[in-house]
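Subject: Structure handover and findings

Hello,

My notes follow below it.

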Amino acid sequence: MKLEGMHLQRMLRGQKRSERVFKIVAGGALLFALVALAILIIDVFLDGFRRLDWQFLTSFPSRKPERAGVLSALVGTVYMMGLTALLAFPIGVGAAIYLEEYARKKNWFSRLIEVNIANLAGVPSILYGLLGLELFVRMMGLGRSVLAGALTMALLVLPIVIIASREAIRVVSPAIKEGSFALGASRWQTIWYQVLPIAFPGILTGSILAFSRVIGEAAPMITIGALAFIAFLPDSPLSPFTVLPIQIFNWVSRPQKGFFTCAAAGILILLAVLLMMNAAAVFLRQRYQKRLYL
Amino acid sequence: MQLTETLPLGRTQEGGFGFSKSKVMPSFPVSSRRNRQKVREEAIRVTLASCGFLSVLTTLGIVGVLLFETLAFFREVSIFKFLTDTQWTPLFADKHFGIWPLVAGTFLTAAAAIGVAMPVGMLSAIYLSEYATDRFRKVVKPILEILAGIPTVVYGYFALLFVTPLLQRLIPGLSGFNALSPGIVMGIMIIPMVCSLSEDAMYAVPQSLREGAYALGSSRLQVALKVVVPAAFSGITASFLLAVSRAIGETMIVAIAAGQQPRLTLNPTVPVETMTAYIVQVSLGDTPTGTIEYKTIFAVGMALFLCTLTLNLVSQFLRERCQEQYE
């Protein structure tokens with residue numbers, strides 16, 4: 001009896017130890033991820049913040065690292081994102097409304113769209129670039145223009161916008177819709193006057209986050225042939241352009257050390273743009289969240 | 001529900017207030033206003049449906065473009081050579097079109113990424129789902145998600161200028177471009193995805209299973225490793241497959257830090273080239289349409305598409321099965 005008790009005690013003690021070790025290992029794994037994030041940001045910041053000044057923001061790319069700037073890339077990014085949003089937002093929200101409000105009864109058509117969207121979200125972004133290259137740049141003859149870039153990006157962002165908008169539409173209480181129907185409103189009237197006003201902040205928040213995802217995409221833009229050396233601002237949808245990620249990629253791939261600093265400074269600006277978009281999304285959510293659940 | 005209860009007895013909700021269509025509609029002349037509204041409603045429905053259909057067209061577009069150019073490619077290069085040649089040199093005078101060097105590069109970087117992302121992501125998921133308090137989870141998860149939101153060029157910069165020099169101090173003879181460093185960084189990028197998918201799967205494991213194990217005297221560790229993880233296995237496998245798919249399709253990190261030298265090797269310390277990096281390399285040069293170099297990027301893209309599609313489909317299937325299991 002006594003022997004067994006001791007055995008049990010030893011077993012329990014061993015178990016407790018492995019328990020503690022495992023907790024430290026698992027917590028350590030989590031810590032590893034968080035520390036990696038911190039190091040990444042600190043490293044880029046230390047490399048780049050000294051290069052960050054007004055001259056950098058207002059200069060065109062240059063062959064000399066100390067005179068180079070991000071003006072054309074920054075303007076190009078804003079220009080392209082604007083066009084992309086113009087193209088992708090209405091279509092994405094439209095598709096989301098269809099899937100949430102019209103396709104409630106699952107028929108083959110809505111199932112096809114749903115399966116397809118789930119798969120599209122997993123297609124590597126560079127393949128969208130190949131599609132854009134063949135379809136928009138070559139076949140439609142748009143050339144390596146802002147418009148071709150925006151169309152490509154719109155296709156890339158569409159699945160994410162649809163998924164985000166669907167979630168926002170889904171949380172609208174059925175009681176509101178039923179009330180509207182009971183008053184004799186048609187389906188579209190219900191959607192337009194009841195569902196959309198309530199879901200809109202959520203749609204906007206989700207879409208801003210979706211756009212912030214693709215703003216950092218360089219691969220599809222390289223494939224359709226956006227250039228890194230653009231010493232002018234895009235003035236029409238058909239002019240050639242560059243975007244921040246491509247400018248950064250170009251600077252990173254050069255041998256001169258000076259351009260690495262430019263790349264780090266460019267990264268800081270890109271991260272700042274992303275941070276602003278995310279902040280806007282969070283602000284919108286905070287501001288309108290209460291109204292959602294009235 | 002409430003609506004049915006308030007209806008007078010004997011009337012169903014579908015029949016709705018006695019206005020059943022078959023009885024009422026013929027006796028009223030259909031007003032033109034209502035007719036117009038019907039047309040409008042239908043037009044709107046069709047418009048919205050076509051918005052949804054555009055996503056299907058996107059898929060068809062990708063498949064179509066890849067197929068078209070790949071077939072053109074195989075008219076010039078035999079599929080046999082594509083699959084058996086051990087050299088990939090379409091940009092040189094002496095052209096060889098063996099896909100394997102690119103596959104090897106892709107495999108190496110992806111393996112390194114998985115080697116980082118799977119253990120770290122899963123352990124983090126176990127910690128978050130089995131050990132952490134709710135408050136801790138609420139603070140940490142969004143911070144972890146930031147990792148997934150950072151643009152990949154930034155990771156490329158980090159791999160080339162921070163991780164590679166760091167590794168060079170640990171591993172003598174590590175080349176400035178290699179498969180290891182971008183692989184590790186790619187792994188860090190994928191951690192949040194693995195973590196949140198695995199955590200979802202573990203969260204879906206019913207509490208009663210855990211409580212049963214506790215009642216039998218199991219420790220937390222035993223519950224986590226012997227009950228929760230096996231029960232969530234299909235979900236965890238799904239996250240693994242999705243992580244592989246993401247690592248294979250990732251472009252900028254490897255294009256920046258892995259080099260541009262396709263070679264058939266399993267050595268992670270020398271420069272390699274992945275499928276995606278090759279597409280970038282060709283795109284950066286001005287390759288005219290119709291040349292064999294132009295077609296190669298679509299053939300490589302097709303290989304990439306088939307790999308990721310398969311992984312995504314299997315992953316999705318596993319996740320759906322995992323969801324159904326406990327409902």
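Leaving aside neighbours within four places in sequence, which residues is B:Tyr127 in contact with? They are A:Ala26, A:Gly27, A:Ala29, A:Leu30 and B:Ala132. Please keep in mind that this is a predicted model.

**B:Tyr127**

B:Tyr127 sits in helix 5 of chain B. Is B:Tyr127 buried or exposed? B:Tyr127 has 26 C-beta neighbours inside 10 Å, so it counts as buried. The cut-off for buried is 20 or more. B:Ala224 is 97 residues away from B:Tyr127 in sequence. In space, their C-alpha atoms are 9.2 Å apart.

**Chain B overall**

Chain B has 14 helices and 0 strands. Its pattern along the sequence is α-α-α-α-α-α-α-α-α-α-α-α-α-α. Chain B has 327 residues, and 43% of them count as buried. Take the contacts in chain B between residues at least 6 apart in sequence: 73% of these join residues at least 24 apart.

**Where the chains meet**

The contact between the chains takes 69 residues from chain B and 69 residues from chain A. Which helix gives the most to the side of chain B that touches chain A? That is helix 3 (residues 32-76) of chain B, with 20 residues. By class, the side of chain B that touches chain A has 43 nonpolar, 22 polar and 4 charged residues.

**The nonpolar core**

The largest nonpolar core has 189 residues. Which of them touch the most other members? They are A:Val157 and B:Tyr157. Beyond its neighbours within four places in sequence, B:Tyr157 is in contact with A:Val44, A:Val252, A:Ala263, A:Ala264, A:Ile267 and B:Ile256. As background, nonpolar side chains tend to be buried together in soluble globular proteins.

**Helix pairs**

Start with chain A. Helix 6 (residues 146-170) of chain A packs with helix 8 (residues 187-215) of chain A at an angle of about 145°. Their axes are 8 Å apart. The crossing of helix 6 of chain A with helix 8 of chain A is right-handed. On the helix 6 side of chain A, the residues that meet helix 8 include A:Met153, A:Leu156, A:Val157 and A:Ile160. On the helix 8 side of chain A, they include A:Val195, A:Ala199, A:Gly202 and A:Ile203. By class, this contact of helix 6 with helix 8 of chain A has 15 nonpolar, 4 polar and 2 charged residues.

Now chain B. Helix 5 (residues 100-131) of chain B and helix 8 (residues 180-203) of chain B cross at roughly 35°. Their axes come within 6 Å. The crossing of helix 5 of chain B and helix 8 of chain B is right-handed. The residues of this contact between helix 5 and helix 8 of chain B divide into 23 nonpolar, 8 polar and 1 charged. Helix 5 of chain B is also where B:Tyr127 lies.

**Domains**

How is chain B divided? The assignment gives domain 1 (25-76) and domain 2 (100-325). The centres of domain 1 and domain 2 of chain B, taken over C-alpha atoms, are separated by 36 Å. Their contact takes 6 residues from domain 1 of chain B and 8 residues from domain 2 of chain B. The side of domain 1 of chain B that touches domain 2 of chain B divides into 3 nonpolar, 1 polar and 2 charged residues.

For chain A, the assignment gives domain 1 (2-51) and domain 2 (56-292). Over C-alpha atoms, 38 Å separate the centres of domain 1 and domain 2 of chain A. Domain 1 of chain A puts 6 residues into the contact, and domain 2 of chain A puts in 8 residues.

**B:Val227**

B:Val227 lies in helix 10 (residues 220-231) of chain B. Why does B:Val227 count as partly exposed? Because B:Val227 has 18 C-beta neighbours inside 10 Å. Leaving aside neighbours within four places in sequence, B:Val227 is in contact with B:Leu209, B:Arg210 and B:Ala213. B:Val205 is 22 residues away from B:Val227 along the chain, and their C-alpha atoms are separated by 9.0 Å.

Best regards

Key:
Residues numbered from 1 in each chain as written. Chains lettered and ligands numbered in written order. Predicted model: local features only at pLDDT ≥ 70, side-chain atom pairs only at ≥ 80, totals over all residues. Helix = DSSP H or I, 4+ residues; strand = E, 2+ residues; numbered from the N terminus. Buried ≥ 20, exposed ≤ 12 C-beta atoms within 10 Å, placed from the backbone. Contact = placed C-beta atoms within 7 Å. Domains from an automatic or database assignment. Core = buried A, V, L, I, M, F, W, Y, C linked by C-beta atoms within 7 Å. Nonpolar A, V, L, I, M, F, W, Y, C, P; charged D, E, K, R; others polar. Axes fitted to C-alpha atoms, helices over the stretch in contact; angles between N-to-C directions. Left-handed = near helix turned anticlockwise from the far one by under 90°.
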